[in-house]
Amino acid sequence: MPDAPQDASQHAANIAAPGTADGPTALPPAGLAALADEIEVISRVYERLFDVERTDDWLILKLQEEMGELVQAFLAHTHRSRDRGKSAEEIAADFRGEIVDVLGQLLLVARRFDVDVEAELQRKWFRWRHLVEPQDREGIS
């Protein structure tokens, strides 16, 4: 989920900080469908707090926005744009965060349009498993 707009700071006091006794610290149950459900809940919070209508086109446009932010973070991470005064650690954290924003938004789109991501991965990617050779697994834990 992208950072909250500046004008919504009044809501910050109502949101428990992650890692505190009042805030969640654990990931939801494993599996893409379960993750998508939890991301949907958080996206609904975003809709409620910031008065954003999460229409079909908004979900797709927001995915494109997140992709742009990922590209921007990638350029900074690979030293091909200015650092904007951020440390290497902050730049790396931004890059990781944007990857997760894209994944989260993509899962929202898939959920909205009833795409079974696990089944589609099987159909589109894992059908090539019979071609895997030992060297293809090198360095993969």
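Student: How many aromatic pairs are there?

Tutor: The count comes to 3 aromatic pairs. Keep in mind that this is a predicted model.

Student: What makes Tyr46 and Trp58 an aromatic pair, and why is the pair called tilted?

Tutor: Take the distance, then the angle. The ring centres of Tyr46 and Trp58 are 6.3 Å apart, and the cut-off for a pair is within 6.5 Å. The planes are at 35 degrees. Under 30 degrees would be stacked and over 60 edge-to-face, so 35 degrees counts as tilted.

Student: Which parts of the chain does this pair tie together?

Tutor: Tyr46 lies in helix H1 and Trp58 in helix H2, so the pair ties together parts that are 12 residues apart in sequence.

Student: How do you know whether Tyr46 and Trp58 are buried or exposed?

Tutor: Compare each value with the cut-off. Tyr46 has a relative accessible area of 9%. Trp58 has 18%. Buried means under 20%, so Tyr46 and Trp58 are both buried.

Student: Why is the pair of Phe74 and Phe95 called tilted?

Tutor: The planes of Phe74 and Phe95 are at 45 degrees, with the ring centres 6.0 Å apart, so the pair is tilted. This pair links distant parts of the chain: Phe74 is in helix H2 and Phe95 in helix H3, 21 residues apart.

Student: Are Phe74 and Phe95 buried or partly exposed?

Tutor: One of each. Phe74 is at 34% relative accessibility, between 20% and 50%, so Phe74 is partly exposed. Phe95 is at 17%, under the 20% limit, so Phe95 is buried.

Student: Which residues form an aromatic cluster?

Tutor: Tyr46, Phe50 and Trp58 form one aromatic cluster. These names come back in the largest nonpolar core. Of its 13 residues, Tyr46, Phe50, Val52, Trp58 and Leu59 touch the most other members.

Student: Which helices supply this core?

Tutor: H1, H2 and H3 each supply at least two residues of the core. The largest share, 5 residues, comes from H2.

Student: Let's turn to charges. What makes Arg44 and Glu40 a salt bridge?

Tutor: The closest N and O atoms of Arg44 and Glu40 are 2.9 Å apart. The limit is within 4 Å, so the pair counts as a salt bridge. Both residues lie in helix H1 (residues 32–50), 4 residues apart, about one turn of the helix.

Student: Why is Glu40 called buried but Arg44 partly exposed?

Tutor: Glu40 is at 8% relative accessibility, under 20%, so Glu40 counts as buried.

Student: What makes Glu120 and Arg123 a salt bridge?

Tutor: Run the check again. The N to O distance is 2.7 Å, within 4 Å, so Glu120 and Arg123 form a salt bridge. They are 3 residues apart in helix H4 (residues 117–124). Glu120 is partly exposed, at 31% relative accessibility.

Student: What makes Arg129 a charge over the ring of Phe126?

Tutor: Arg129 lies over the face of Phe126, at 4.2 Å from the ring centre. The distance limit is within 6 Å, so 4.2 Å passes.

Student: Last one. Which residues form a nonpolar patch on the surface?

Tutor: Ile60, Phe113 and Val115, with about 260 Å² of accessible area together. Val115 sits in the loop between helix H3 (88–112) and H4. Val115 has a relative accessible area of 40%; a patch residue needs over 30%, so Val115 passes that step.

Technical notes: Residues are numbered from 1 along each chain as its sequence is written. This is a predicted model: local features need pLDDT of at least 70, side-chain atom pairs count only at pLDDT 80 or more; totals for chains, interfaces and linings use all residues. Side-chain values use heavy atoms; hydrogens and water are left out. A salt bridge is a side-chain nitrogen of Lys or Arg within 4 Å of a carboxyl oxygen of Asp or Glu. Buried means under 20% relative accessible area, exposed over 50%, partly exposed in between (1.4 Å probe, protein chains only). Patches are made of residues with over 30% relative accessible area and no salt bridge: like charges are joined within 9 Å, nonpolar side chains (Val, Leu, Ile, Met, Phe, Trp, Tyr) within 5 Å. Accessible areas come from the Shrake-Rupley method with a 1.4 Å probe; for residues, only the protein chains shown count as cover. A charge sits over a ring if NZ of Lys or CZ of Arg is within 6 Å of the ring centre and within 35 degrees of the ring normal. A nonpolar core is a set of buried Ala, Val, Leu, Ile, Met, Phe, Trp, Tyr and Cys residues joined through side-chain atoms within 4.5 Å.
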